[in-house]
Amino acid sequence: MDPIRLGIAGAGIGSLQTVGDLKTLKDKVRLTAIADIRRDNMEYLAGRYGEEVPFFDDVAAMCKSGTIGAVWIATPNSLHLEHTRAAAENGIHVICEKPMAATLDQCLAMVEAIEGAGVRYVQGHSKVYDVPIREMGKVVRSGDLGRAVHIHTWNWNDLLLRGAMPSDLTTAGGSGALFRQGPHQVDIVRYLGGGEVRSLRAVAGRWDPNFPDCEGSYSAFMEFEDGTAATLVFDGYGYFDIRELTWGWGEGARKGLNTDSVEPRERPTRPITPEEKYANVHSGNPYGYGKGSGIDRDSPEGLPFFGLTVVTCERGVIRQSPDGIYVYG
């Protein structure tokens, strides 16, 4: 079977985090086009992929070009509907970054466009594909510990300290803690809990006056139809790092530097400009880490942590470790 011809819409940080894996899958998926409003971003992404591909300054034009059979939409969240429609109208299958869109109405319109065109759609969640989460799910579904009783997933990180543009920090535009981090935690909890959710209630806060247009934290309580309960807690204000409770390991399956905040970076007092953001990206420091911060590239590769997740079952408890999962019977 011929490889899938994939176009990337949006050559930002998300695309850069994926292009390395695309390089290893060229017998199954080939990058055949990139669309972005910034040519320097496209050039940088193509350079990381290692092949020349056509550039487009418009997603719709890329979808009409005949160069792709599927598109990965990694553009700003408020544009997901527009770009999904452009793909569907041209018979292009869609993989869409989380969140699906900025409003429920936009989500429903995307479903309508996909179903009307008869193309396939994949919501691009990632955390349920982390090996530890999948293994924890296997234990839950084996029934060896009985059914899940309650699930807790908590995370503290530096979301608001990672040099972000205004569009990255606006709830109305589908950004901030709720839209950027919430889908990950909901994804984890729903995978581990299984079944349908009966109710969800939450409290979210905007505590930093420098970033008044988006939430930086939330606490949520979810209940499944079978009675399983879950808590989801996130704080992105950067005063504490959950890696202090996860052996120093974080999302990148590497140990972090400066996890105990001995040498904190300067706290931003404003969103940054696109020029500042992409200067960080092209320098290899996409999140604008200061001296002594970031990822320890010399550490051995371990297992990825997205915060701390603990599952209590009727006859035991499961949690993640750097080398596997712990099961307490």
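Guide: A cavity is a set of grid points where a 1.4 Å probe fits but cannot get out. Rolling a probe the size of a water molecule over the atoms shows where empty space is left. The model before us is a predicted one, and it holds 1 cavity of 30 Å³ or more.

Visitor: How much space lies in the largest cavity, and which residues line it?

Guide: The space in the largest cavity comes to about 40 Å³, and its lining is made up of Asp130, Ile133, Ile188, Pro304, Phe305, Phe306, Thr309 and Gln320. By class, the lining residues divide into 5 nonpolar, 2 polar and 1 charged.

Visitor: Turning to the strands, in what order do they form the open sheet?

Guide: Two strands pair if at least two bridges are found between them. Here 7 strands, with mixed pairing, follow the order S8-S9-S10-S7-S13-S14-S15 in an open sheet. Strand S8 (197–205) and strand S15 (324–328) each have a single partner strand and stand at the edges, so one side of each is left without a neighbour in the sheet. From one strand to the next, the twist averages 10°.

Visitor: How many bridges join S14 to S15, and what packs on the sheet?

Guide: Strand S14 (residues 316–321) and S15 run antiparallel and are joined by 5 bridges; Val317, for instance, has Tyr328 in S15 as its bridge partner. Helix H6 (residues 131–142) packs on the sheet, where it touches strand S7 (148–156), strand S13 (308–313), S14 and S15, and the direction of H6 makes about 165° with that of S14.

Definitions and conventions
Residues are numbered from 1 along each chain as its sequence is written. This is a predicted model: local features need pLDDT of at least 70, side-chain atom pairs count only at pLDDT 80 or more; totals for chains, interfaces and linings use all residues. Side-chain values use heavy atoms; hydrogens and water are left out. Helices (H or I, at least four residues) and strands (E, at least two) are DSSP runs, numbered from the N terminus. Axes are lines fitted to C-alpha atoms, for helices over the stretch in contact, and angles run from 0 to 180 degrees between N-to-C directions. Contact means heavy atoms within 4.5 Å. On a 1 Å grid over the protein atoms alone, a cavity is a set of points where a 1.4 Å probe fits but cannot get out, and a pocket is an open set with protein on both sides within 12 Å along at least five of seven lines; lining residues have an atom within 4 Å of a point. Grid points are joined across faces, edges and corners, and a volume is the space filled by probe spheres set on the points. Ala, Val, Leu, Ile, Met, Phe, Trp, Tyr, Cys and Pro count as nonpolar, Asp, Glu, Lys and Arg as charged, and the others, Gly among them, as polar.
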